[in-house]
Amino acid sequence: MIHTLRAEWTKALTLRSIQGTIAAALLVPPVLAFASALAFDGEAPTTASFPIESHGFETAGFGQPLIILLAALVAGTEYIDAQLATTLTATPRRGRVLAAKFIVTAAAAVAVGIVATSAAVLLEHAALGEHGLSVSEFTAGMGWNLVGVAVNYALIGLIAAAVTVLARTFIVTLVVLVPLVLGLTISWLGPVPALRFLPDLAGLQLLTGYPGVGLLDPIPGAVVMAAWAALLCIASWLVFRRRDTTG
């Protein structure tokens, strides 16, 4: 398993498409956080309703599409030109190959989430000046919020990787999941409350609070999102271990 993991890490970190995606995922939240701080109006009526501890975390949602792309590339790049057949010739145990891809996806997503969100929070509060918090004023709740972002990113990454394996192409994953995390389902949450149990909305409050919208609280949401990830990963494993992977 160690050799398989090392091989998957090497493939993931040497592909330019994945390198570019990781770079974008690390840069987008901090850049948006800095722009948000520059546009901040301390006198605006909505300012008082936005917790000061949440500044910076509001940008984490914009990293989700890039995590989905990252996971789709890790799991689906080898379907192009039948490259996966070569991998399976070198490592015939398909379950081991798939497990390694899932581990690499989750680990990369967690690392990106922690680094990018930490940078976003630090940068936004520094740019806010007197309206922000100093590092010594950061709360334990902010630390847990950072953990929530890491969990959300890991789970959405696993969901994206599993969908990619089931579809045998990362295009389907992008077409299906990216519109969801960009707000397609939340716009229908009012008339259809059951949508909060979909994977994109279930864990949304792990990123930051959305009071009054009708979403699941962070812990129940994480459980529901984890259940989706587990079911899709199991389904992809059942299919992957028996299906022809040359096309």
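Visitor: Which helix gives the most to the lining of the largest cavity?

Guide: In this predicted model, that's H1, with three residues. H1, H2 (16-38), H3 and H5 each supply at least two.

Visitor: How do you know what class of residues the lining has?

Guide: Run down the list: Trp9, Ala12, Leu13, Ile18, Ile22, Leu70, Val74, Val104 and Ala108. Trp, Ala, Leu, Ile and Val count as nonpolar, so the tally is nine nonpolar, no polar and no charged residues. The volume of this cavity is about 30 Å³.

Visitor: Now the charged side chains. Why is the pairing of Lys11 and Glu78 called a salt bridge?

Guide: The N to O distance is 3.0 Å. The cut-off is 4 Å between a Lys or Arg nitrogen and an Asp or Glu carboxyl oxygen, so the pair qualifies. Lys11 sits in helix H1 (residues 2-14) and Glu78 in the loop between H3 (64-76) and H4 (83-90), 67 residues apart.

Visitor: What makes Glu78 and Lys101 a salt bridge?

Guide: Their closest N and O atoms are 2.5 Å apart, and the limit is 4 Å, so this pair passes too. Lys101 belongs to helix H5 (residues 94-128), 23 residues from Glu78. Lys101 is buried, like Glu78.

Visitor: Which residues are linked in a network of salt bridges?

Guide: Lys11, Glu78 and Lys101. The structure holds two salt bridges, and Glu78 pairs with Lys11 and with Lys101.

Conventions: Residues numbered from 1 in each chain as written. Predicted model: local features only at pLDDT ≥ 70, side-chain atom pairs only at ≥ 80, totals over all residues. Heavy atoms only, no water. Helix = DSSP H or I, 4+ residues; strand = E, 2+ residues; numbered from the N terminus. Buried < 20%, exposed > 50% of the residue type's maximum accessible area, 1.4 Å probe, protein only. 1 Å grid on protein atoms, 1.4 Å probe; cavity = no way out; pocket = protein on both sides within 12 Å on 5 of 7 lines; lining within 4 Å. Points joined across faces, edges and corners; volume = space filled by probe spheres on them.
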